[in-house]
Structures are given as structure tokens and as C-alpha cells.
Amino acid sequence: MLTGFSQPVEAAQSIFRAVLSAMAEPLLPRALPALPPALPGLKAATAALLYTLADQDVRVWLPALPDDTVASLRFHTGMRVTDRPEEADFIVIAAGSPLPDLMRLKAGSAEYPDRSATLLLEADGFTQQQVEGSGPGFAAPRRFGADGLPASFWREWQHNRARFPLGVDAVLITDTHIAGLPRSVRLREG
């Protein structure tokens, strides 16, 4: 079994606060305050988010990962793994992997928009080149970019945003940082 957080309760609480802050101030990268050892096939920050957010009540879609990584995640979180992204509460997109069709993922309903999926999307690094975001959580428009995302990501995200208040949310992940991208964010490319 691969090791998780050395101080699980304290680490999970601090990671959860960081995720809430990232979603409240979209596209503003923030360092994660605690990182577990990296799991083969995933960034340490992605493992930190799964250890914090996943439990026996959620379904997670994972890319092809080594068996010991999946077994460790299941052991530490109790999460249920699904092979159908459209059934998942969390969809993990490892760096360099293709993006699933966002229109087929859980988008919530008019009564329960919070019952939607969240993408945990790995990137190579954050830049300030590709898009300008605005909307709730922005005092002023913010420029942002992420290297290594699937080529169609920003275009697909525009289609996702058009369904607001339904749609999926995303957390963009580098080795040590995250940036929130709620479905409410309006993006302008360029």
C-alpha cells in the first residue's frame, strides 16, 4: 500500500480550505499547503485532492493508472471507481490525456445544480497568456493560462459555460498548485 498524508486530518482540512478559496477566487493559482507522496501516474497535488474530496459516497473516473495507485486511493478514501465518465462525480484527467465530452458529464439539474461533476485536470504549469476570466469571484478580469491542457479545452469550456447554472466545474492542477474554474466563469480567449 502506498503512503497517503502523514497527518491525514490536518492535511485534508487545509487542502479543503485551499480548494474552497480557489473556487471562490477563480483562476488565481494557490499553493497547496500539504502534499502526500506522489502516486505513480498522478501528480502529488492530484493525489492530495483525491485524498481530501473522495469518499465512499462519490464515484471517480480515473485514467489508466498502475494497480497499486488505484488500490491505494481506494484504501485511503473508500471511493468508488467507475469506468463511465458520465456517471462520475470527479473525473481525473492526467497530464497529456484527452478530454472527455463535457456535454455528456453530470451537469446537475434545475433543482440541484450542485449535483454535477468536477474535473480534476492536470496541467504542466500556469501562465497568464491564454484567456481572460470574469464573473463571480473577480474584482476585475484576470488573465490566465495553463500549459499542457488538451487542445480543445478552452473552446469546450465555453460550451460548458453556456449551460450555466448547469454544467461542470474544474480544478486545474500543477505539481504543487491549483486554480479553480467554476462553471460561472466567463472566458474570453486571447
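1. Arg84 and Glu87 pair up in a salt bridge, with their closest N and O atoms 3.0 Å apart (a salt bridge is a side-chain nitrogen of Lys or Arg within 4 Å of a carboxyl oxygen of Asp or Glu). Arg84 is partly exposed at a relative accessible area of 40% (buried is under 20% relative accessible area, exposed over 50%, partly exposed in between, with a 1.4 Å probe and protein chains only). Through shared partners, salt bridges join Arg59, Arg84, Glu86 and Glu87 into one network.

2. A word on the source: this is a predicted model, where local features need pLDDT of at least 70 and side-chain atom pairs count only at pLDDT 80 or more, while totals for chains, interfaces and linings use all residues. Residues are numbered from 1 along each chain as its sequence is written, and side-chain values use heavy atoms, leaving out hydrogens and water.

3. Glu87 also forms a salt bridge with Arg59, at 3.5 Å between the closest N and O atoms. Glu87 sits in the loop between strand 3 and strand 4 (90–93) and Arg59 in strand 2 (residues 59–61), so this pair ties together parts 28 residues apart in sequence (strands, E, at least two residues, and helices, H or I, at least four, are DSSP runs numbered from the N terminus).

4. Do look at Asp175 and Lys43 too, whose side chains meet in a salt bridge (3.1 Å, N to O). Asp175 is partly exposed at 46% relative accessibility, whereas Lys43 is buried at 14%.

5. In helix 3 (residues 67–77), the buried residues are Thr69, Val70, Ser72, Leu73 and Thr77. On the other side of helix 3, Asp67 and Phe75 are exposed.
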